[in-house]
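Me: I have a structure open and would like to learn how to read its features. Could you walk me through it?

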Amino acid sequence: MQYLHTMVRVHDLEQSLNFYCDLLGLQEVKRKEVEKGRFTLVFLAAPDDVERAKKEQAPMMELTYNWDPETYSGGRNFGHLAFRVENIYELCQKLMDNGVIINRPPRDGHMAFVRSPDNISIELLQKGDNLPPQEPWASMENTGEW
């Protein structure tokens, strides 16, 4: 058995690509437009997984954009996606500067939670040892759910 990908449905493909690629740093590996089915699939990989994803088509994240409007519910019951990051404070600051709410700040220098534009919970984990606590994160309260 081999893990291939996780699929999440998105309402606005460009907004989602901005979040996952421009802000989080994932990279687009392949895209498939299916006119007959009226949907677009975009496969993303973390930078350290891009070459493997291109070669093996895994591990990836699949964004599914249905061209006709639909209502999606869930988000929290999905669970979450998790990414190991180089510097959790820098990434959280970048996300916050771009209007992303930090639902669970990285008070411990190790873990944070945010949500995608489609309300998917995203866990961010510091690579290596925890960073020393620092402000504004150390005293920042939780916001909403994650």
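Predicted model: local features only at pLDDT ≥ 70, side-chain atom pairs only at ≥ 80, totals over all residues.

Me: How is a pocket found, and how many residues line the largest pocket?

Reply: Rolling a probe the size of a water molecule over the atoms shows where empty space is left. On a 1 Å grid over the protein atoms alone, a pocket is an open set of points where a 1.4 Å probe fits, with protein on both sides within 12 Å along at least five of seven lines, and a lining residue has an atom within 4 Å of a point. Here 18 residues line the largest pocket, and Ala46, Pro47, Arg84, Val85 and Glu86 lie nearest its centre. Strand 5 and helix 3 are the elements that give two or more residues to this lining. Helices (H or I, at least four residues) and strands (E, at least two) are DSSP runs, numbered from the N terminus.

Me: Which residues of helix 3 are buried?

Reply: Buried means under 20% relative accessible area, exposed over 50%, and partly exposed in between (1.4 Å probe, protein chains only). In helix 3 (residues 88–97), Ile88, Tyr89, Leu91, Cys92 and Leu95 are buried. They lie on the same side of helix 3 because they cover an arc of only 165 degrees around the axis, taken from the directions from the helix axis to the C-beta atoms. Glu90 and Asp97, on the other side of helix 3, are exposed.

Me: What covers the buried residues of helix 3?

Reply: Look for contact, meaning heavy atoms within 4.5 Å. The cover includes helix 1 (13–23), strand 5 (81–85), strand 6 (102–104), strand 7 (111–115) and strand 8 (121–126).

Me: What should I look for at the ends of helix 1?

Reply: Start with polar contacts: a pair of N or O atoms within 3.5 Å, where within protein one must be able to donate a hydrogen and the other to accept it, and residues adjacent in sequence count only if both atoms are side-chain atoms. Asp12 caps the N-terminal end of helix 1, with a side-chain oxygen 3.2 Å from the backbone nitrogen of Glu14. After helix 1 comes Gly25, with a positive phi near 100 degrees. Helix 3 has a side-chain oxygen of Asn87 at its start, within 3.0 Å of the backbone nitrogen of Tyr89, and just after helix 3, Gly99 takes a positive phi of about 85 degrees.

Me: Is Glu62 buried or exposed?

Reply: Glu62, in strand 4 (residues 60–66), is buried, with a relative accessible area of 9%. Its side chain makes a polar contact with the side chain of His5 at 2.7 Å.

Me: Where does the side chain of Asn103 reach?

Reply: Asn103 belongs to strand 6 and is buried, with a relative accessible area of 7%. Its side chain reaches the backbone nitrogen of Arg115 at 3.5 Å.

Me: And what does the side chain of Arg31 make a polar contact with?

Reply: The partner is the side chain of Glu28, at 2.9 Å. Arg31 lies in strand 2 (residues 27–34) and is partly exposed, with a relative accessible area of 37%.

Note on methods:
Residues numbered from 1 in each chain as written. Heavy atoms only, no water.
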